Amino acid sequence: MSDSTNPAGDQRIAKIDLDEETIIWRNADIEQERRIAIFDLIEENTFLPVRAAERGASGPYHLRLAVRDGRLLMTINDSSDELVEELLLGLARFRRPIREYFAICDSYYQAIRKATPGEIETIDMARRGVHNRAAELLLERLEGKVETDFATARRLFTLICVLHIKG
């Protein structure tokens, strides 16, 4: 069945872009995280902008993420690249999870290079915990605006972190 005859198949992101002007600096590790998050997100996700869908918009969607004036700007277009909705989410509640995620990722990348497998596993478990809590927060912030699943929220949080990298 094609996407045009399967409405459930349309409730997804088919393309995602990050505002490159927002990203000041990335190292190879972060660039790899970005590539993996985008690849995994496109391969499997659930994404339905609620108000736009109520107005008759349908996917699959093209999503662009940017940071404007300390807020996350989510520009959502349909498959014809017509704007269906723009969402602004305050990022104040994400500052701490973003800082924690960067700190634990730094530890993880350093550990990969010189730590024992047990130490790497411990740091990775902590990293996943921070990531999971941040995904839950994102799901909470998207409630009533975008219907999505936990795995999609985790990948979106990774991309939100990439937007916050400063040189």
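Reader: What pLDDT does the protein average?

Author: The average is 86, and 90% of the residues score at least 70. Here pLDDT is the predictor's confidence in each residue, from 0 to 100. Residues 1-8 have a pLDDT below 50, and this stretch has four contacts in the model beyond near neighbours in sequence. A contact means heavy atoms within 4.5 Å. Where pLDDT is low, the predicted coordinates should not be read in detail.

Reader: How many helices and strands are there?

Author: The protein has five helices and six strands. Both are DSSP runs numbered from the N terminus, helices being H or I with at least four residues and strands being E with at least two. Along the sequence the pattern reads β-α-β-α-β-β-β-α-α-β-α.

Reader: Which strands form the open sheet?

Author: Four strands form it, in the order 1-3-4-5, with mixed pairing. Strand 1 (13-18) and strand 5 (83-90) stand at the edges with a single partner strand each, so one side of each has no neighbour in the sheet. Two strands pair if DSSP finds at least two bridges between them.

Reader: How do strand 1 and strand 3 run?

Author: They run parallel, and five bridges join strand 1 to strand 3 (residues 61-68). L18 stands opposite L65 in strand 3.

Reader: What about the loops? Which peptide bond is cis?

Author: The bond from G59 to P60 is cis, with omega near 5°. P60 lies in the loop between helix 2 (50-54) and strand 3.

Reader: Where is D69, and is it buried or exposed?

Author: D69 is in the loop between strand 3 and strand 4 (71-77). Its relative accessibility is 75%, so D69 counts as exposed. The cut-offs are under 20% relative accessible area for buried, over 50% for exposed and in between for partly exposed, with a 1.4 Å probe and protein chains only. The phi of D69 is near 50°, a positive value in a residue other than glycine.

Reader: And D81?

Author: D81 is in the loop between strand 4 and strand 5. It is partly exposed, with a relative accessible area of 43%, and its phi is positive as well, near 65°.

Reader: Where is L142?

Author: L142 is in helix 4 (residues 117-142). It is buried, with a relative accessible area of 1%. Beyond neighbours within four places in sequence, L142 is in contact with M74, L89 and T148. L142 and V50 are 92 residues apart in sequence, and their C-alpha atoms are 9.8 Å apart in space.

Reader: How far does helix 4 reach?

Author: Its 26 residues reach 37 Å from first C-alpha to last, close to the 38 Å expected at 1.5 Å a residue. The expected span is 1.5 Å times one less than the number of residues. The buried residues of helix 4 pack against helix 1 (28-43), strand 4, strand 5, helix 3 (95-114), strand 6 (146-148) and helix 5.

Reader: What is H131 in contact with?

Author: Apart from neighbours within four places in sequence, H131 is in contact with Y101, R154, F157 and T158. H131 is found in helix 4 and counts as buried at 7% relative accessibility.

Reader: How many residues of helix 5 are buried?

Author: The count is 10 of 14, so helix 5 is largely enclosed by the rest of the structure. F157 and T158 are among these buried residues. Helix 5 (residues 150-163) reaches 20 Å from its first C-alpha to its last, close to the 20 Å expected.

Reader: What share of the whole protein is buried?

Author: Buried residues make up 45% of the 167 residues in the protein.

Terms used
Residues numbered from 1 in each chain as written. Predicted model: local features only at pLDDT ≥ 70, side-chain atom pairs only at ≥ 80, totals over all residues. Heavy atoms only, no water.
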